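Please read the following note alongside the displayed model.

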Amino acid sequence: MNEKIKVGLIGTGRIGKIHLDNLLKKFTDIQLKTVVDIKFDDDLKKLAQVSKGMDLSNDSEEIFEDPEIKAVIVASSTDTHVKFITEAVTHHKHIFCEKPIDVNVDRIKNTLKVVQDSGMNLMIGFNRRFDPNFDRLHELVKSGHVGIPQIIKITSRDPSPPPIEYIKVSGGIFLDMTIHDWDMARFQALSEVEEIFANGAALIDPEIGKAGDIDTAIAVLKFENGAMGLIDNSRQAVYGYDQRLEVFGSKGCLIADNAASNTVRMYTTECIQSDKIPYFFLDRYLQSYANELRYFFDCLQQGKPPKPDGEDGLKAVLIALAAQKSFKEKRPVKISEVAP
Ligand SMILES: NC(=O)c1ccc[n+]([C@@H]2O[C@H](COP(=O)([O-])OP(=O)(O)OC[C@H]3O[C@@H](n4cnc5c(N)ncnc54)[C@H](O)[C@@H]3O)[C@@H](O)[C@H]2O)c1
């Protein structure tokens, strides 16, 4: 049997724990060797005691200086991504990094140059591409089943807003929440966004407005291939985590709807009812997190560059910045206006 690929994980917060769980349970050809965070909760410490071959550390150098570790999963806070990507590739390690790479375009570009020069691979965690429904829809678009894409519609609504302290440092809804949708729009349209017209308001919580952000947003996109897009976001869909997608083209239409945990519908004299949709992103996209890491490791094993890569990460940030500018200046903004 081939030797297992040894990997390190940095960050054990909400998303880091999902990756950790997948790394320990889902991949027989991968060994999670070192897990780094500035602090560990008791559950993690207990888990480390029973997980053979996995160490906890507060020092990221234990990953970077370990010649056995071939790849690093970065799931720490956004402001640490650039530093860890740079260190990892300098130590000849491949990187899987959570989105966004950073919120500053120059910093992202400099980092991508370092990655390119190193010859190491960087994959960005736009996990929704690996959701089985959205992935299938993309394959059908790509194979021409609905002809030339003309309208891309994305509904992306959270069940409830994050704490106001989170909002204050999030970078705003377009960078924090819509970032996944910018990537999804490009992925499904098979084209780059050329222009964007964004609008929004704080309709849910006035505190979000006072923090200088919005909680409800609409964006109209124009793609280079002539297609148009419409994205709607809300920080509060009271019925759950509402994630839908539609691609309308010259030969037909593809729709990926919300999936409940079961398909049973109850018919009575009053109404027809089905079960509720998942409430949180960790439930809704659970499968996609395992799929994206599996794909990353497959690429490493086959020596092919993974996607979405650093350029995809940069493009999503550029669209977000154009959306911010459009909202502020109340006009359509071309991506070229924010791409230095
Ligand atoms: N792909 C997705 O669906 C998705 C979902 C949520 C978050 N994210 C992204 O993942 C990243 C983490 O988000 P989260 O919600 O898990 O945050 P979190 O605050 O729950 O966890 C962040 C973790 O990073 C650790 N950390 C911070 N600085 C560190 C350092 N210097 N060294 C080591 N560890 C450090 C913190 O102690 C914490 O455990 C963010 O970039 C976020 O945008 C992606």
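1. Does Tyr-285 count as buried or exposed, and at what relative accessibility? Tyr-285 counts as buried, at 1% relative accessibility. Here buried means under 20% relative accessible area, exposed means over 50%, and partly exposed lies in between, with a 1.4 Å probe and protein chains only.

2. The model is predicted: local features need pLDDT of at least 70 and side-chain atom pairs count only at pLDDT 80 or more, while totals for chains, interfaces and linings use all residues. Residues are numbered from 1 along each chain as its sequence is written, and side-chain values use heavy atoms, with hydrogens and water left out.

3. The structure holds ten aromatic pairs. Rings of Phe, Tyr and Trp (its six-membered ring) pair if their centres lie within 6.5 Å; planes under 30 degrees apart count as stacked, over 60 as edge-to-face and the rest as tilted. Because Phe-134 belongs to helix 6 (residues 132-142) and Tyr-285 to the loop between helix 11 (281-284) and helix 12, the pair ties together parts that are 151 residues apart in sequence. Helices (H or I, at least four residues) and strands (E, at least two) are DSSP runs, numbered from the N terminus. Phe-134 is also buried, with a relative accessible area of 4%.

4. The pair of Phe-174 and Trp-182 is likewise tilted, because the ring centres are 6.1 Å apart and the planes are at 40 degrees. Both residues, Phe-174 and Trp-182, are buried.

5. Glu-292 is found in helix 12 (residues 286-302). Glu-292 is buried yet has no salt bridge; Arg-129, the nearest side chain of opposite charge, is 8.9 Å away. A salt bridge requires a side-chain nitrogen of Lys or Arg within 4 Å of a carboxyl oxygen of Asp or Glu; Lys and Arg count as positive and Asp and Glu as negative, whereas His and the chain ends are not counted. Leaving aside neighbours within four places in sequence, Glu-292 is in contact (heavy atoms within 4.5 Å) with residues including His-19, Phe-96 and Phe-130.

6. Six strands form an open sheet in the order 3-2-1-4-5-6, with parallel pairing. Two strands pair if DSSP finds at least two bridges between them. The edge strands, strand 3 (55-57) and strand 6 (122-124), each pair on one side only. Strand 2 (residues 30-36) pairs with strand 3 over three bridges.
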